[in-house]
Amino acid sequence: MPSIRDVAAFAGVSIKTVSRVVNNAPNVSRDLRDRVAAAIKALDYRPNQAARRLAGGRSFLIAFLYNNPAPGYGGGIQAGAANRCRELGYHLVVEPISLSGEERFEVLDRLVAALRPDGVFLTPPLSDDVQILRRLSELNLPCARIAGSVMSPSFNIPTPERSAGRMVADHLIGLGHRRIGVICPPVSHRAAQRRVDGFRDGLTAARIAMDEQMFVEGAFDFASGISGGEALLGLPHPPTAIFATNDDMALGVLTLAHRRGLRLPDDLSVVGFDDTPGSLTTWPPLTTVRQPLDAMGRAVVDALVEGLADAPSFRFELVKRDSSGPAPGR
């Protein structure tokens with residue numbers, strides 16, 4: 001296999017320069033970085049990770065800690081983070097963490113003791129878990145969060161949850177719906193709760209009376225989509241549309257609607273959130289809000305590895321498909 005000496009000779013630079021480029025050290029010119037990168041690619045050079053750890057005091061590991069029952073969301077974030085780690089010469093370690101109990105700190109402490117990752121990133125609801133954030137600070141581990149809403153010195157990438165919820169409300173109201181059910185996120189998901197706030201903003205702007213019977217709590221899984229849909233469709237005056245605040249719950253509503261013989265979207269419109277792969281494989285295809293999950297996963301790795309000063313800004317997009325249509329009788 002080619003060595004660092006071979007790369008240095010190929011690029012016409014010193015071994016020290018190659019090492020600095022491989023380790024993302026500062027104060028290396030763009031020209032030198034490009035020359036070394038071209039040599040690495042041409043020779044298919046793969047740095048010795050053990051040597052890199054000894055030389056730089058780093059593990060070249062990034063840890064992703066999560067607790068989210070929606071696999072599509074976490075999988076999208078993970079894919080982007082893993083690919084970005086690979087590009088930067090790092091590896092991604094994925095660890096589920098419970099929302100309560102002392103054992104979760106034991107898991108975290110063992111992870112740090114065994115692997116000593118160079119950084120950790122969190123997604124909701126862990127991004128708002130004050131105790132986990134405090135423990136990471138005590139361990140002196142750099143931390144990046146997606147959609148955190150509690151105060152913390154850790155790097156945070158905000159997401160436009162509230163404006164996205166308003167987009168859904170405006171879409172359904174624009175189709176003539178006035179009785180709209182909402183399957184809300186679990187109370188532990190503070191960021192996702194803002195989707196409901198935005199939806200309420202839309203109702204207020206349209207001067208539609210707020211009916212609290214139309215808001216039921218879900219658990220971000222398929223089963224709670226079915227149970228939430230049953231609660232809403234079992235009302236004396238059921239909704240003509242349902243906004244499920246993630247795709248897994250929306251797919252549960254679609255399944256329930258099919259069981260009941262409802263035509264979609266003629267009898268009932270359904271909107272989800274996340275634009276996970278399942279939103280395209282159901283019938284009819286699901287209208288949903290697209291989060292740039294891959295880009296978000298890449299951004300938290302960049303924040304940890306490259307020390308970003310400013311958080312990137314992401315746009316959420318309403319993807320209109322066949323599960324939403326005009327209100328019955330319109």
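A: A salt bridge is a side-chain nitrogen of Lys or Arg within 4 Å of a carboxyl oxygen of Asp or Glu. The model discussed here is a predicted one.

Q: Why is the pair R84 and E306 called a salt bridge?
A: The closest N and O atoms of R84 and E306 are 3.5 Å apart. The cut-off is 4 Å, so the pair qualifies as a salt bridge.

Q: What makes R84 and D302 a salt bridge?
A: Their closest N and O atoms are 2.6 Å apart, and the definition asks for a distance within 4 Å. R84 lies in helix α5 (residues 71–88) and D302 in helix α13, so this pair ties together parts that are 218 residues apart in sequence. Both R84 and D302 are buried.

Q: Which residues are linked with R84 in a network of salt bridges?
A: The network links R84, E87, R298, D302 and E306. In total, the structure holds 19 salt bridges.

Q: How do you know that D170 and R166 form a salt bridge, and where do they lie?
A: The closest N and O atoms of D170 and R166 are 2.9 Å apart, and the cut-off is 4 Å. Both residues lie in helix α8 (residues 161–174), four residues apart, which is about one turn of the helix. D170 has a relative accessible area of 39% and is therefore partly exposed. R166 also counts as partly exposed, with 31% relative accessibility.

Q: Why is the pair F273 and F316 called edge-to-face?
A: Two rings pair if their centres lie within 6.5 Å, and planes over 60 degrees apart count as edge-to-face. By this rule there are five aromatic pairs. For F273 and F316, the ring centres are 6.0 Å apart and the planes stand at 75 degrees, so the pair is edge-to-face. F273 lies in the loop between β9 (269–271) and α12 (278–281), and F316 in the loop between α13 (293–306) and β11 (317–319), so the pair ties together parts that are 43 residues apart in sequence. F273 and F316 are both buried.

Q: Which residues form one aromatic cluster?
A: The cluster is formed by F64, Y66 and F121.

Q: Why is T282 called buried, and what does it touch?
A: T282 has a relative accessible area of 18%, and buried means under 20%, so T282 is buried. Its place is in the loop between α12 and β10 (288–290). Not counting residues up to four places away in sequence, T282 touches L251 and L254.

Q: Why are the buried residues of α7 on the same side?
A: In helix α7 (residues 130–138), the residues I132, L133 and L136 are buried. They cover an arc of only 100 degrees around the axis, which puts them on the same side of α7. Their cover includes α6 (103–115), β3 (119–122) and β4 (143–146).

Q: What is found at the start of α7, and what follows α7?
A: At the start of α7, a side-chain oxygen of D129 reaches to within 3.2 Å of the backbone nitrogen of Q131. N140 follows α7, and its phi is positive, near 60 degrees.

Q: How many helices and strands has the chain, and what share of its residues is buried?
A: The chain has 13 helices and 11 strands. Buried residues make up 51% of its 330 residues.

Key. Residues are numbered from 1 along each chain as its sequence is written. This is a predicted model: local features need pLDDT of at least 70, side-chain atom pairs count only at pLDDT 80 or more; totals for chains, interfaces and linings use all residues. Side-chain values use heavy atoms; hydrogens and water are left out. Buried means under 20% relative accessible area, exposed over 50%, partly exposed in between (1.4 Å probe, protein chains only). Helices (H or I, at least four residues) and strands (E, at least two) are DSSP runs, numbered from the N terminus. The arc is that of the directions from the helix axis to the C-beta atoms. Contact means heavy atoms within 4.5 Å. A polar contact is a pair of N or O atoms within 3.5 Å; within protein, one must be able to donate a hydrogen and the other to accept it, and residues adjacent in sequence count only if both atoms are side-chain atoms. Rings of Phe, Tyr and Trp (its six-membered ring) pair if their centres lie within 6.5 Å; planes under 30 degrees apart count as stacked, over 60 as edge-to-face and the rest as tilted.
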